[in-house]
Amino acid sequence: MNAAGKSNTVYFAMSWMCALLMILLVIFYWNQLPETIPTHFNGLGEPDGYGRKCTLFLLIIIGLGLTGMMQYFHGNKELWQIKAHRQGANNEQKLTLTREMLAQLTLLVAAVFLYIVYGSIQVALENWEGLGTYFLFLFLGLTAGVLVIYFIRLYRSM
């Protein structure tokens, strides 16, 4: 396994740890939670929608589903080689960069779902007022950063 493959394995392991931590947080706090919790937050991270506490399981299912789906796409080389085959030189390097970017985005998505679950719990317990003003900007900035670095590395590989 090359260095990129090892780092991707670490990204996915950390993604699944985030998913496991989501489950453990809900189990740990379940009896302390009120029946109604925040289920939606606006662009400033303030709660603007409420629902039953069982909706935390929906967040977990979505987070697990996205992590699994992204890891499936990462591991299914046939999906990637169709496009990479037509691109010319450095196909293997382009494929490696693309798969690394997907692994990084998977970790970012898993971490965001973990933060949303934890934040929802903290707001429900009245320890926090919201997810924080900078949550959305930080998430979008990190996502854009991963993509910009990917495209720069991809351009340099041509």
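Here is a walk through this model, from its overall layout to a few single residues.

Keep in mind that this is a predicted model, where local features need pLDDT of at least 70 and side-chain atom pairs count only at pLDDT 80 or more, while totals for chains, interfaces and linings use all residues. Residues are numbered from 1 along each chain as its sequence is written, and side-chain values use heavy atoms, with hydrogens and water left out.

Let's start with the big picture. The protein has five helices and two strands, and along the sequence they come in the order α-β-β-α-α-α-α. Helices here are DSSP runs of H or I with at least four residues, strands are runs of E with at least two, and both are numbered from the N terminus. Taken along the principal axes, the C-alpha atoms fill a box of roughly 60 × 25 × 25 Å. Of the 158 residues, 39% are buried; buried means under 20% relative accessible area, exposed means over 50%, and partly exposed is in between, with a 1.4 Å probe and protein chains only. Among contacts (heavy atoms within 4.5 Å) with a separation of 6 or more, 68% are between residues 24 or more positions apart.

Now for the helix packing. Two packed helices are described by the angle between their axes and the distance between the axes. Axes are lines fitted to C-alpha atoms, for helices over the stretch in contact, and angles run from 0 to 180 degrees between N-to-C directions. Helix H2 (residues 55-75) packs with helix H4 (residues 91-124) at about 175 degrees, with the axes 9 Å apart. That makes H2 roughly antiparallel to H4; angles over 145 degrees get that label, those under 35 count as roughly parallel, 65 to 115 as roughly perpendicular, and the rest as oblique. By class, this contact has 15 nonpolar, six polar and one charged residues. In that scheme Ala, Val, Leu, Ile, Met, Phe, Trp, Tyr, Cys and Pro are nonpolar, Asp, Glu, Lys and Arg are charged, and the others, Gly among them, are polar.

H4 also meets helix H5 (residues 135-157): their axes come within 10 Å and cross at roughly 175 degrees. H4 and H5 are therefore roughly antiparallel to each other too. The contact of H4 with H5 has 14 nonpolar, five polar and three charged residues.

Gln 122, found in H4, is buried, with a relative accessible area of 5%. Beyond its neighbours within four places in sequence, Gln 122 is in contact with Tyr 29, Asn 127 and Trp 128.

In the loop between H4 and H5 you'll find Glu 126, which is exposed at 70%. Most residues other than glycine have a negative phi, but phi of Glu 126 is positive, near 65 degrees.

And the cysteines? Cys 18 is buried at 12% relative accessibility, whereas Cys 54 is partly exposed at 37%. With a disulfide taken as a pair of cysteine sulfur atoms within 2.5 Å, the count comes to zero.
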